[in-house]
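Me: Hi! Could you walk me through this one? I'd like to hear about the interface and the charged pairs.

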Amino acid sequence: MLTLIAREIRDNIVSVALPCLVSALGITVAVIFAFSRGNGGTFPVTIMFTPILLLAFCSLGASQAYGDRANRISSLLATLGITRNRIFAARVLAGLLIVLICLVPLAVTTIFLLWRFAPPLEFYGRMVAEISLTVLLAAVACYFAGLLVGWTTSKAWLLAGCVLLLLSLASLVVIKGFGPAAMALLALFLGATLWYTWHTFTSASL
Amino acid sequence: MNSHKRATVNVLATGVVVVLLMSLGLFWARWLCSAMRFNLLPPCAREVAIYPGHQFGFDGGVDPNLVAAPRVRARMSTHEQLLAGLGLGASHYLEMQLPGTQIGPQRDAYVYRWESGAGGQRIYFDPALGLIVRTGIERVPEGREVHAARHVVYYAGPEGVSPVPEEKLGRFIAPVADSLVVVPQTVYDPALRRFFAIDWRENKLVVKKGPELPQDVLRHPVQIGVIQKGSTYIDIPAPDKVVDGTRSPKSVFWSYNTRADRVLVLDASGRLDWLDPQTLEIRGPAGYLPMPATLFGSGRSRARPEDVAGYEACAISSYYGKGMAVATLSREGLALELDYFDTIGVQVVGGGTAVPGYGEPAPGKTGTARIPSAKAAYFYLPGAQVLTLAQFTLENLHPPVFLLASYLAGPHLDATAGYRSLFLLPDSFVAMSARDARAGLVGRVARAVFLALPAFLLLLVLAWRVTRDGMRLGLPKNTRAAWAIGTVLFGLPAYITYRLTRPKVTLVTCANCGAGRRPDREKCQRCGSPWVVPELVPPAWRVLGEQEPAEESSSAPVRQADSSAH
């Protein structure tokens with residue numbers, strides 16, 4: 001399984017590096033901005049980088065699925081005695097790992113800078129937790145949406161599907177906010193897309 | 001997991017995604033219709049002015065020396081603010097959490113005062129402790145004209161105030177507190193059913209307890225002091241100065257209830273009361289939230305806090321008199337109602353936003369007719385009918401089960417819930433019909449059925465198509481019934497889900513009945529005939545060729561071969 005995960009990362013190194021780069025850039029800019037102003041203002045900076053990260057996660061999922069479909073990587077791996085379930089599990093675990101690697105440091109940095117410069121956390125601690133969790137669910141949902149639309153041989157459908165689903169997920173957060181309602185809908189969406197993607201992958205002919 | 005369960009889960013997963021994406025698309029289309037409809041209102045229909053003349057006059061009526069009659073106004077916010085996303089979940093979430101925003105009785109965070117800076121005063125309710133906490137900087141005298149600043153924290157409960165949280169202070173459960181006046185701060189606890197006055201001054205840290213409200217008294221205070229909701233939606237600007245020809249202009253003092261002798265309290269029923277801060281007893285009525293004129297109406301003159309998108313109450317006092325101005329904004333943001341009450345809570349004058357009607361006035365009447373702004377925005381303004389038809393169509397594309405839930409839940413949801421609701425439609429025509437108390441139950445249901453008739457017709461057509469296609473594809477009877485029921489409940493999203501998940505097979509012509517049959521089945525799903533496979537028997541006919549010549553004998557002379565060899 002670790003070998004499969006390493007192979008997934010290696011095969012999509014560009015799509016993996018992109019969100020990591022965006023996250024690192026966001027952390028750097030937030031730190032510089034906060035310390036240069038001396039009174040915080042970190043939150044708006046990290047908000048600006050969040051949509052870019054969501055786009056990067058969607059492109060990661062799309063590139064994984066599209067690359068597999070176009071280059072028949074699963075067909076090759078299947079000849080090595082690896083089941084499709086393991087291939088899919090390795091793909092999803094690799095994606096989730098990248099999402100966590102990119103988001104967790106950004107969230108920790110934001111919380112640290114808020115603690116350093118902003119009023120005490122006892123009031124908006126819950127707000128920070130809910131917003132962080134909602135963004136994490138949205139990021140995972142964007143990644144699964146990329147997996148869903150990436151399983152195609154048409155680049156036009158790939159692009160249109162990515163744009164449609166990204167806009168839909170972003171508007172879902174805008175409409176419902178960051179509370180439990182938004183989290184429930186995002187969890188429902190990512191569960192449904194994960195199942196549909198798994199079903200499509202395991203039942204497709206190689 | 002067998003293939004049948006797997007297919008079922010696949011259908012459910014697809015259905016969830018389809019419903020979600022379709023609901024998002026319909027939401028933004030409806031939002032666009034609402035924004036465009038609000039934009040139709042002319043500036044004169046976004047502001048209302050009333051003239052509480054006799055309240056501002058002498059015993060004989062309005063002072064004839066006045067140059068202009070006293071006027072109280074209320075106005076809606078500009079449409080740009082609404083288009084900017086007010087009411088949507090993200091901005092609403094921040095409004096619920098951050099202190100200082102006026103969103104009415106609903107609030108997630110109990111922060112009453114928050115001053116920035118290290119020494120700023122902060123007053124908030126800590127649910128874990130059950131106490132109201134105040135932190136800040138106090139000046140402690142250390143000699144003549146010398147003061148030292150120290151950081152202090154005080155905890156206030158129903159039984160007293162203390163620098164440390166103690167059990168003997170008791171616990172507040174879900175207090176409602178005045179965020180404007182904190183010296184003393186008036187608090188009401190619904191679990192304890194009494195008012196409290198917390199004096200936070202360092203030399204008078206005390207909690208005064210009012211009498212317990214009787215159980216049979218229908219009183220449920222939800223806001224104290226600043227009676228306001230949706231401050232970005234409506235506004236009561238400062239009244240004009242009262243000017244007369246002989247005396248100097250007299251200022252009209254207006255305030256959000258900053259009077260020392262009484263505190264304004266809003267009840268869950270929409271009634272406004274005056275509270276005596278000394279005895280902590282209700283002194284008498286101050287007015288109520290007037291119900292704005294909506295499209296279908298509601299049959300009630302008084303609104304509850306959750307019935308309106310915004311409200312604001314201002315106490316007004318002048319040289320000529322005192323009173324209370326209360327403005328409310330309807331759910332759709334199209335109608336504003338402003339009422340003026342006297343000192344004992346009796347309505348003196350009221351008015352709502354309206355659009356001047358053009359054409360001949362009604363028989364027996366003079367002047368220009370005025371059409372209520374909500375009705376005008378749906379039917380009379382240029383472009384209103386197109387937007388109404390568009391909204392009507394969009395609402396009927398929603399799953400019928402959501403329309404039914406909107407009818408049932410419409411009267412009970414908060415007015416601003418529709419701004420961020422994906423599945424339920426509290427601002428739909430069906431929900432408006434449910435809120436009309438003037439029509440009886442039969443009348444409301446009949447009107448709701450009429451408004452949802454296109455949705456019913458659509459689902460019948462879709463259910464018929466799904467059933468017909470299922471029969472054509474040879475789906476089992478139970479499967480066809482399940483799809484038909486799902487289409488009846490969820491309408492268009494169910495039909496789209498069926499089209500995405502139906503078996504993708506190419507039918508071949510059945511030799512027996514001539515209809516299409518599935519090649520992966522042993523029998524035809526229509527006539528039940530099996531495949532006609534001809535047996536491998538040789539045919540009775542033969543292909544005959546030329547008779548083969550008989551072979552010659554083998555005693556031919558060899559010499560001929562030898563002579564040829566020479």
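This is a predicted model: local features need pLDDT of at least 70, side-chain atom pairs count only at pLDDT 80 or more; totals for chains, interfaces and linings use all residues.

Me: Great. How many residues of chain B are in contact with chain A?

Reply: On the chain B side there are 29 residues, and they touch 30 residues of chain A. The area buried between the two chains is about 2600 Å², with carbon and sulfur atoms giving 75% of that area.

Me: Which elements of chain B give two or more residues to that side?

Reply: Those are α1 (3–40), α3 (89–97), β3 (111–114) and β4 (122–126) of chain B. The largest share comes from α1(B), with 12 residues. By class, the side of chain B that touches chain A has 20 nonpolar, five polar and four charged residues.

Me: And how many salt bridges does the rule find across the interface of chain B and chain A?

Reply: Zero salt bridges there. What the interface does have is six residue pairs in polar contact, both residues at pLDDT 80 or more.

Me: I was curious about A:Glu130. Is A:Glu130 buried or exposed?

Reply: A:Glu130 counts as buried because its relative accessibility is 11%, and the cut-off for buried is under 20%. A:Glu130 is found in helix α6 (residues 125–150) of chain A.

Me: What is A:Glu130 in contact with?

Reply: Leaving out neighbours within four places in sequence, A:Glu130 has contacts in both chains. From chain A there are A:Phe178, A:Gly179, A:Pro180 and A:Met183, and from chain B there are B:Tyr93 and B:Gln97.

Me: Okay, new topic. How many salt bridges does the structure hold over all chains?

Reply: The total over all chains is 20. One of them pairs A:Glu8 with A:Arg91, where the closest N and O atoms are 3.4 Å apart. A:Glu8 is in helix α1 (residues 2–11) and A:Arg91 in helix α5 (residues 84–117), both of chain A, so this pair ties together parts that are 83 residues apart in sequence.

Me: What else does A:Arg91 meet in a salt bridge?

Reply: A:Arg91 also meets A:Asp68, at 2.3 Å from N to O. A:Asp68 belongs to helix α3 (residues 42–71) of chain A, so here the parts tied together are 23 residues apart in sequence.

Me: Which residue does B:Arg219 meet in a salt bridge?

Reply: B:Arg219 pairs with B:Asp273, at 3.2 Å from N to O. B:Arg219 sits in the loop between β11 (206–212) and β12 (221–224), while B:Asp273 is in strand β17 (residues 271–276), so parts of chain B that are 54 residues apart in sequence are tied together. Salt bridges with shared partners join B:Arg219, B:Asp267, B:Arg271 and B:Asp273 into one network.

Notes:
Residues are numbered from 1 along each chain as its sequence is written. Chains are lettered from A and ligands numbered from 1 in the order in which they are written. Side-chain values use heavy atoms; hydrogens and water are left out. Contact means heavy atoms within 4.5 Å. Buried area is the accessible area (1.4 Å probe) that two parts lose on being put together, summed over both. A salt bridge is a side-chain nitrogen of Lys or Arg within 4 Å of a carboxyl oxygen of Asp or Glu. A polar contact is a pair of N or O atoms within 3.5 Å; within protein, one must be able to donate a hydrogen and the other to accept it, and residues adjacent in sequence count only if both atoms are side-chain atoms. Helices (H or I, at least four residues) and strands (E, at least two) are DSSP runs, numbered from the N terminus. Ala, Val, Leu, Ile, Met, Phe, Trp, Tyr, Cys and Pro count as nonpolar, Asp, Glu, Lys and Arg as charged, and the others, Gly among them, as polar. Buried means under 20% relative accessible area, exposed over 50%, partly exposed in between (1.4 Å probe, protein chains only).
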